[in-house]
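Please look over the structure shown here before reading the numbered points. They begin with a single residue and move on to the helices.

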Amino acid sequence: MAHLNTLRFQPLGVAVLTVSDTRTPDTDTSGDTLVNALQAAGHRLVERGLIIDDIWQIRARLAVWIADPQVQVVLVSGGTGFTARDNTPQAVAPLLDRLVDGFGELFRQVSVAEIGTSALQSRALAGVSNGTLVCCLPGSPNACRTAWERILGEQLDSRTGPCNFVAHLQASVNGVSGNGCGSRS
């Protein structure tokens, strides 16, 4: 089993996308929460965007970032609920090479302490596409904070052991090659 954590922090290039029909760049508190958290952790913001909840616009923006070698992680906030305008999961899922099934499960589990059984209505999900981790989070700043503090902060830190997601991301940028945690060497 390969345990690919390192003693040295490896900053990642991160893009942040807010999906909302009502927010503006001045009122995008969820995007602000994610940007502040990733920068405080030592990662680099490559680009930030805000678009309406439209399947094709979401896919178009993500496709550009997934193809960009400077982007190892895309954090998407919003559009993960159950209303007719919540389209993020339907937009993102077809772009993913592999689902990270445990992400949504773990997000809902850690959210129960904050919002009780309402956590059941989150369609948070994550997956890897072209060596880029794409994480879809609910649109509230508290949900973004919970995701960062309870999951993403550790999994995007190359020093987290026995394994983390850095080893699975674009090897050309992070310099890690080989199998990830749980794989045979």
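1. Apart from its neighbours within four places in sequence, C136 is in contact (heavy atoms within 4.5 Å) with V76, T80, T88, V92, F103, A124 and L125. The C-alpha atoms of C136 and L125 are 5.3 Å apart, although 11 residues separate them along the chain.

2. This is a predicted model, in which local features need pLDDT of at least 70 and side-chain atom pairs count only at pLDDT 80 or more, while totals for chains, interfaces and linings use all residues. Residues are numbered from 1 along each chain as its sequence is written, and side-chain values use heavy atoms, with hydrogens and water left out.

3. Is C136 buried or exposed? C136 counts as buried because its relative accessibility is 0%; buried means under 20% relative accessible area, exposed over 50%, and partly exposed in between, with a 1.4 Å probe and protein chains only. C136 is found in strand β6. Strands (E, at least two residues) and helices (H or I, at least four) are DSSP runs numbered from the N terminus.

4. Helix α5 covers residues 141-155, which is 15 residues. From first C-alpha to last, α5 reaches 20 Å, close to the 21 Å expected at 1.5 Å a residue; the expected span is 1.5 Å times one less than the number of residues. α5 has a kink of about 50 degrees centred on W148, where the bend is the angle between axes fitted to the seven residues ending there and the seven starting there.

5. Which residues of α5 are buried? They are A143, C144, T146, A147, W148, I151 and L152. These buried residues pack against α1 (29-40), β3 (73-77), α4 (101-115) and β6 (132-137).

6. α1 and α5 pack at an angle of about 20 degrees, with axes 8 Å apart. Axes are lines fitted to C-alpha atoms, for helices over the stretch in contact, and angles run from 0 to 180 degrees between N-to-C directions. α1 is therefore roughly parallel to α5 (under 35 degrees; over 145 is roughly antiparallel, 65 to 115 roughly perpendicular, the rest oblique). The contact is made by T29, S30, T33, L34, A37 and L38 of α1 and P141, C144, R145 and W148 of α5.

7. α4 also has 15 residues. Its buried residues are F103, G104, F107, V110 and S111, and what covers them includes β5 (125-129), β6 and α5. Just after α4, G116 takes a positive phi of about 65 degrees.
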